[in-house]
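Subject: Structure for you to look at

Hello,

Here is the structure I said I would pass on. Please open it beside this email and follow along.

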Amino acid sequence: PEAVARWRDWLERGGLPPWSPPRERDTGRDGLRRITSWVRFRQDMVIGALGRMRDLATSAGMAGVPFTHNMPPAGLWAPITARDLATVVDAPTTDVYATAGNMQDMRRQVLAISSITGEPFAAEMSCGTVWFAPRVDPFDNRFVAATSLALGLRGFNLYMGAGRDRWIGGLIPEGGEDDGADLLHFYQRLQRTLEAVHVDDMRPVTGATILAPPEYVAHSIAAFPIPGASPTLLASLGLPVHEMLVGDDWGLGRPVQLEYWSRLREAEDLLQSMSIPWSLADGRTPPQAGTLLLASTWCYMSRTCVESVIAHAEAGFPVIAGPEDPVLDERLDPLPAETVERWRAARASGKLVVAGSLGDVSVAKAMKAASKKFLSTLPVDLTVRSPGVMLLPHRVQGKNRWLTWLVSTGGQGRNVMVPRRGFYWNQLLAVRERSSGGEFMQRIGGRGEPITIDVSGHEVHLLSWSRSRVG
């Protein structure tokens, strides 16, 4: 009864009809309005509960103690967004549990937490796993830790440092035997290596931003058909939740909840093939200035996200939207006429392109221009590059000190980089699936000397670039 009362109060405060809680999947646009409102209400309940926990702790004498909470390792399938979490805690963090072969949600997870804090931290970094989750072996631990740092994570807490019952793996087994010595030494050397190149002073350099509107995730949660199961939990276990959704169109003419995840993956693959690293945005903070913005848009979209897209285009930065022009907001009410007119003006200016498919010629042209612009800012020329490799550069703001991470997500390929403007290179790390124990190195290149890195399968390589010889 209390939850139902809160639901009715939430509806009244939002100016929504006095609906009963949905007990079965609704149909039509009115049904979609009710069920997505229910999803947003449950999100607000979680945030409210965290806020009350903080108030109780403060009233018990813990005022001034930083309050933190970690996002589940579910990619974008969490019950709340990182931005919502940041409204009630001082230090929003995340969990990172993944294998080398299942990186998609982990990448989104790290990028989401990185979008709201300058010091993204993993409260739990997998070192082993529970018995009912996908097996995580020592190579997965090495690969995932290095890749999460390449994506922008700035620190992590290993979980578990010691093995225990119901836990498989860990740095040190429950009995105390040092079977995990190689893995323990890996983390120790990784920390020393990154400290030596002052990684804390560096920030990721990106050439694009992907807009991930929370309303499309709420729509997808509403289309999850398994009673009593949690899409967040299933995503945390590495299961493809987007493939489980029902295909209803709710009167919109197309199944947005299916098309959203397909287009998101297509955008990620396209950027990676062009060697353009990207950040994530949810519309409540502006996309990174100067970057190409990829915004999946259907007939409805939150006013906040629509305004964010328009503002980016009006600032003179390129935007690829589509497949549809938004004319409704997240409540399926008409967008203000002024907003619709600004959207049309942005399209007319040529900065906002609405593409029915990311395979359109207009998209290819914008991608090529964005890739050329981004690659021109690097201290190296990529004369040969593999489309299966993520290029993830970091830089000290305003200085010519760079780190470049190369993350191979499978397959084989060759990458040849030639330093520009008199830079030296220094290869610091190579995490390879086929071998361990020889990850750390000091391969030093001369001024202008090219470096070739051949990859096979899952690998992570780290290079530093500077105007002085290092080593």
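Below are some notes on the backbone and then on the aromatic rings.

This is a predicted model, in which local features need pLDDT of at least 70 and side-chain atom pairs count only at pLDDT 80 or more, while totals for chains, interfaces and linings use all residues. Residues are numbered from 1 along each chain as its sequence is written, and side-chain values use heavy atoms, with hydrogens and water left out.

Two terms come up throughout. Helices (H or I, at least four residues) and strands (E, at least two) are DSSP runs, numbered from the N terminus. Buried means under 20% relative accessible area, exposed means over 50%, and partly exposed is in between (1.4 Å probe, protein chains only).

Backbone

Most peptide bonds are trans, and most residues other than glycine have a negative phi.

M160 sits in the loop between strand 5 (155-159) and strand 6 (167-168).

You will find H198 in the loop between helix 6 (181-196) and strand 7 (202-204). Its relative accessibility is 43%, so H198 counts as partly exposed. S275 counts as buried because its relative accessibility is 3%.

Aromatic rings

Rings of Phe, Tyr and Trp (its six-membered ring) pair if their centres lie within 6.5 Å; planes under 30 degrees apart count as stacked, over 60 as edge-to-face and the rest as tilted. By this rule there are 17 aromatic pairs. In one of them, W38 and F41, the ring centres are 5.4 Å apart and the planes are at 40°, so the pair is tilted. Both residues lie in helix 2 (residues 28-62), 3 residues apart, which is about one turn of the helix. F41 is buried, at 4% relative accessible area.

Another pair, W77 and W261, is stacked, with 4.6 Å from centre to centre and 15° between the planes. W77 is in the loop between strand 1 (68-71) and helix 3 (82-85) and W261 is in helix 9, so this pair ties together parts that are 184 residues apart in sequence. Both W77 and W261 are buried.

Regards
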